[in-house]
Amino acid sequence: MSRQSKKISTSRIQNGIYLYTTLIFLIIIKLIILVVDNLFEIGVTKYSNPYFITVIASIIIIQALTWMIRNKGYKGIKHALIHYSTVLNLRRAFLDSKYYNIRFRLNKKIAQLPRIKIEFEKGLSIGKLYIENIHMEKDISASNISIALNRYVVERSYLSRDEKYYIFDIFESNINRQLIFQSSDELREHALDSDEQHLFIDKFTSIPMHSSLFVGQTGSGKTYALYSLILQMLLKSEKYKLYFVDPKNSSLSVMGEKITVQNTASNFNDIVNLLKKFIDLMNQSKFELKEKLGTKLEATYADFGYPSHVLIFDEFASFQSQLQSMEKKKRDEVMSLISQVVLEGRQLGFFIWFVMQKSDSNLIPTYIRENLPVKFVIGSAEKQTYVTAFGPGVDIKEKDFQLGEGLFVCPLIANQPKICHFSYLDFNILNAVEDLNE
Ligand SMILES: Nc1ncnc2c1ncn2[C@@H]1O[C@H](COP(=O)(O)OP(=O)(O)O)[C@@H](O)[C@H]1O
Ligand SMILES: [Mg+2]
């Protein structure tokens with residue numbers, strides 16, 4: 001029984017044992033010298049004292065310095081302590097789950113644990129964790145790492161380019177990402193502080209302009225998510241031209257009419273006409289931009305000071321079901337208008353945001369959905385909703401999301417679904433629109 005409980009130690013534990021043995025050994029020698037010196041009254045303690053103290057003190061100082069450097073103590077003592085406890089927990093977990101290689105040192109079995117690096121950001125609330133890929137047979141999964149991390153949770157994981165490290169994006173589990181605005185002025189202030197080319201979503205997330213998909217059950221906060229983005233775009237009105245489509249003729253069309261009556265549509269024919277108008281503008285802009293684009297590889301509308309045109313399409317499925325009752329020619333015509341924007345709009349600055357409860361292929365054609373670079377699933381959703389939005393390859397555990405909270409993907413920013421939380425808007429939105437639109 002006792003043989004079984006004998007634990008394998010790591011080189012760090014082993015070094016600690018050596019170090020403490022040395023310290024104890026030194027102290028014993030010192031005591032012996034003291035006693036002997038006292039007995040025979042030789043008087044060497046006078047000389048030896050400073051040496052012993054220096055040796056012991058320097059060992060302790062070196063230890064403390066190593067600890068500080070290893071845990072990046074120059075970033076503050078709190079940083080060092082959290083770094084230390086996180087690494088310690090991980091090393092324990094690796095020992096328990098036998099994620100190590102066996103080495104022999106002085107004929108003793110030593111567990112060689114993977115190297116661990118942690119880079120914290122934003123005041124310790126998020127970070128990147130690097131764990132050396134050392135074990136041929138074992139794969140370390142994100143959820144196992146989450147268990148080993150006390151106060152952090154893994155958001156996504158991937159291999160480093162050289163495949164020598166697993167990288168985990170981690171965040172504090174009780175973190176509050178959501179921005180709360182009590183007035184439109186507060187939102188204005190925040191928007192002026194943030195990046196010109198992006199729209200912010202929460203404390204950690206902002207996105208560039210793309211055609212996008214917003215999915216979520218009724219009441220999950222999709223329309224409010226739109227409001228928080230629309231208000232930002234109104235603040236930079238010279239950069240954005242907005243178009244509103246709301247087949248259910250509910251709150252978004254009320255807002256649209258306040259901002260731009262001529263570019264707001266809610267009944268079927270008006271919507272189709274607005275789409276046609278949108279495409280006409282796009283083609284006109286294509287004509288204008290054509291020569292300019294030729295002068296510069298990979299240039300887009302923004303490089304020449306053109307605004308983004310964003311058509312916001314709430315409750316798209318409701319329009320789609322109306323469309324399904326039409327003859328095929330009409331259906332094809334409308335869908336080809338829409339896909340033209342999605343496919344060609346990026347360089348020209350024309351975008352559509354589709355907002356719907358589910359994104360199944362009978363509600364939005366797959367070739368359109370798959371060409372939307374940015375996708376949000378807001379609120380709690382069924383597995384199937386995530387699969388249709390993000391594709392079958394992603395591994396998502398259902399979580400209990402709050403109002404306006406959810407997952408998103410966006411090129412360069414989130415290749416795997418990442419958590420985001422839209423701003424809480426605690427003010428009268430229509431009044432704010434009136435103020436901003438002046
Ligand atoms: N970000 C938010 N800030 C303030 N209230 C919100 C927010 N998101 C949702 N709500 C509240 O929840 C209700 C439903 O949100 P809504 O955006 O209309 O959901 P959906 O469009 O997904 O059906 C809203 O009427 C509002 O009262
Ligand atoms: Mg809505």
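This is a predicted model: local features need pLDDT of at least 70, side-chain atom pairs count only at pLDDT 80 or more; totals for chains, interfaces and linings use all residues.
Residues are numbered from 1 along each chain as its sequence is written, chains are lettered from A and ligands numbered from 1 in the order in which they are written, and side-chain values use heavy atoms, with hydrogens and water left out.

**View 1. The shell around ligand 1.** Here you can find Gln217, Thr218, Gly219, Ser220, Gly221, Lys222, Thr223, Tyr224, Leu403, Ser423, Tyr424 and Leu425 around ligand 1; a residue is counted as near if one of its heavy atoms lies within 4 Å of the molecule. A backbone N or O atom of Gly221 is 3.1 Å from an oxygen atom of ligand 1, a polar side-chain atom of Lys222 is 2.9 Å from an oxygen atom of the ligand, and a polar backbone atom of Tyr224 is 2.8 Å from an oxygen atom of ligand 1. On its own, ligand 1 exposes 560 Å², and the protein buries 75% of that; accessible areas come from the Shrake-Rupley method with a 1.4 Å probe, and for residues only the protein chains shown count as cover. Two or more residues of the shell come from each of α6 (222-235) and β19 (424-425), with α6 giving the most, 3 residues. Helices (H or I, at least four residues) and strands (E, at least two) are DSSP runs, numbered from the N terminus.

View 2. Lys109 is partly exposed, with a relative accessible area of 47%; buried means under 20%, exposed over 50%, and partly exposed in between (1.4 Å probe, protein chains only). Not counting residues up to four places away in sequence, Lys109 touches Ile8, Ser9, Ile102, Arg103 and Phe104, where contact means heavy atoms within 4.5 Å. The C-alpha atoms of Lys109 and Ser9 are 7.6 Å apart, although 100 residues separate them along the chain.

**View 3. Arg177 in a loop.** This loop runs between β7 (165-172) and β8 (180-181). Arg177 is buried, at 6% relative accessible area. Leaving aside neighbours within four places in sequence, its contacts are Glu155, Phe171, Asp202, Lys203, Phe204, Ile419 and His421.

**View 4. Helix α12 and its cover.** In α12 (residues 383-390), the buried residues are Thr385, Tyr386, Thr388, Ala389 and Phe390. Their cover includes β11 (212-215), α11 (366-369), β16 (374-378), β17 (405-410) and β18 (414-421). After the helix comes Gly391, with a positive phi near 100°.

**View 5. Lys72 and its backbone angle.** Lys72 is a residue other than glycine with a positive phi, near 50°. You will find Lys72 in the loop between α2 (45-70) and α3 (77-96), where Lys72 counts as buried at 18% relative accessibility.

Note on methods. A polar contact is a pair of N or O atoms within 3.5 Å; within protein, one must be able to donate a hydrogen and the other to accept it, and residues adjacent in sequence count only if both atoms are side-chain atoms.
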